[in-house]
Amino acid sequence: MEQFAKRIRSFRLRRDLTQERLAELLGVTAQAVSKWETGASCPDISLLPALSAALGVTLDELFATSDETHLERIEQMIEDGAALSEEDFRYAEKRLREYCAKGALRGRCLTMLAELYIGRAEHYRNLAGDCAKQALEIDPEKKANHDALFRAMNGPMLDWCATNHIALIDYYRGFVALHPGFAAGYMWYMDALIADRRLDEARQALTKMRAARDDFRCELYESLIARAAGDRAEEERCLERMVEKYPDEWMAWFERGDAHAHHAEYEKALADYRAAAGRQKEKPRIADLYDSIAQICTLLGDRDGAIEAYEQVLAILRDDWQLTEGETVDGYLENIRQLRA
């Protein structure tokens, strides 16, 4: 920040601008410019294009930006989760595609490009959902409006041809053949197989996964296969065995909580989620546990419990992830406001 502050002052003086004149050009106070130049604060990101134009330099010159700095900035933009402006999205896309041509950065940048596009898709899905809901207020019986809402909000579809995972299964069949020692690969493979009820293939994949890594996830996938087969008693036996074998593994309790929640056994799910929370020691902690607790408390009419859980989510985001603002934080604050109202 100190170097950035010095560059603002240097470029301002080179343009023979006073702090007052620069502030006038940007629509801010002279005190704000003074704070930028002392390093007490930074200009808002939305002001950067206008600031660089007023100083007669490019953004790269203003930041003396290295490739790594660009990538760190883009990573932060993606992690913040907020809908990016068109300018920010194009900047990130252009930089990442340029860096993909650099061998050492290609893998990292392809991952970031995928995350960038997923975020964009989710943003447009949210917009589509809002439009579909407004359309339904005008024409509640129009099929196209309901279809649009279901597609925007990932509603269930009964059309096998449109919802099967054949292509994904084919990809992961080849993937695990190439990487037989990578246990997580079998998990993605089995997720798709179980979703399509291809349970014999899922059992074969589970046997190979055990050879690669035998941990609580093996019992978990046994339970998921049993659930897909409609054997509720066997599913419960697998889950019980999982927490008995791995009593200190918080993820085992979390997964059993999810299983109970899927069966609408909310009191059991809540007990498992709380047991998982008590066992989650390593930082950074995962806030999903308390998000699940909050949602179930809401379902059960326990508003105070839900508020307490959402406040714990915010504390984890702040203390473990240094996340104190942005779309994610605003969403949880809004949940608390609605519960209190």
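1. Start with A264, which is partly exposed at a relative accessible area of 45% (buried means under 20%, exposed over 50%, partly exposed in between, with a 1.4 Å probe and protein chains only). A264 is not a glycine, yet has a positive phi of about 60°. You'll find A264 in the loop between α16 (250-262) and α17; helices here are DSSP runs of H or I with at least four residues, numbered from the N terminus.

2. A word on the source: this is a predicted model, where local features need pLDDT of at least 70 and side-chain atom pairs count only at pLDDT 80 or more, while totals for chains, interfaces and linings use all residues. Residues are numbered from 1 along each chain as its sequence is written, and side-chain values use heavy atoms, with hydrogens and water left out.

3. R197 also has a positive phi of about 60° without being a glycine. R197 sits in the loop between α12 (183-195) and α13 (199-212) and is exposed, with a relative accessible area of 54%.

4. Have a look at the peptide bond between K283 and P284 too: it is cis, with omega about 0°. P284 belongs to the loop between α17 (266-279) and α18 (288-299).

5. Next, the largest pocket, with a volume of about 830 Å³. (A pocket is an open set of points on a 1 Å grid over the protein atoms alone, with protein on both sides within 12 Å along at least five of seven lines; lining residues have an atom within 4 Å of a point. The volume is the space filled by probe spheres set on the points, the probe being 1.4 Å.) Its lining has 27 residues, and I45, S46, R73, M77 and D88 lie nearest the centre. Helix α7 gives the most, with 6 residues.

6. On aromatics, Y171, Y172, F175, F182 and W188 are linked into a cluster by ring pairs (rings of Phe, Tyr and Trp, the last by its six-membered ring, pair if their centres lie within 6.5 Å). The count comes to 11 aromatic pairs. Separately, R120 lies over the face of F89, 4.2 Å from the ring centre; for Arg, that takes CZ within 6 Å of the ring centre and within 35 degrees of the ring normal.

7. How many disulfides are there? The count is 0, taking a disulfide as a pair of cysteine sulfur atoms within 2.5 Å. For C238, the nearest cysteine sulfur, that of C218, is 11 Å away. C238 is buried, at 1% relative accessible area.

Notes
Helix = DSSP H or I, 4+ residues; strand = E, 2+ residues; numbered from the N terminus. Phe/Tyr/Trp six-rings, centres within 6.5 Å; stacked < 30°, edge-to-face > 60°.
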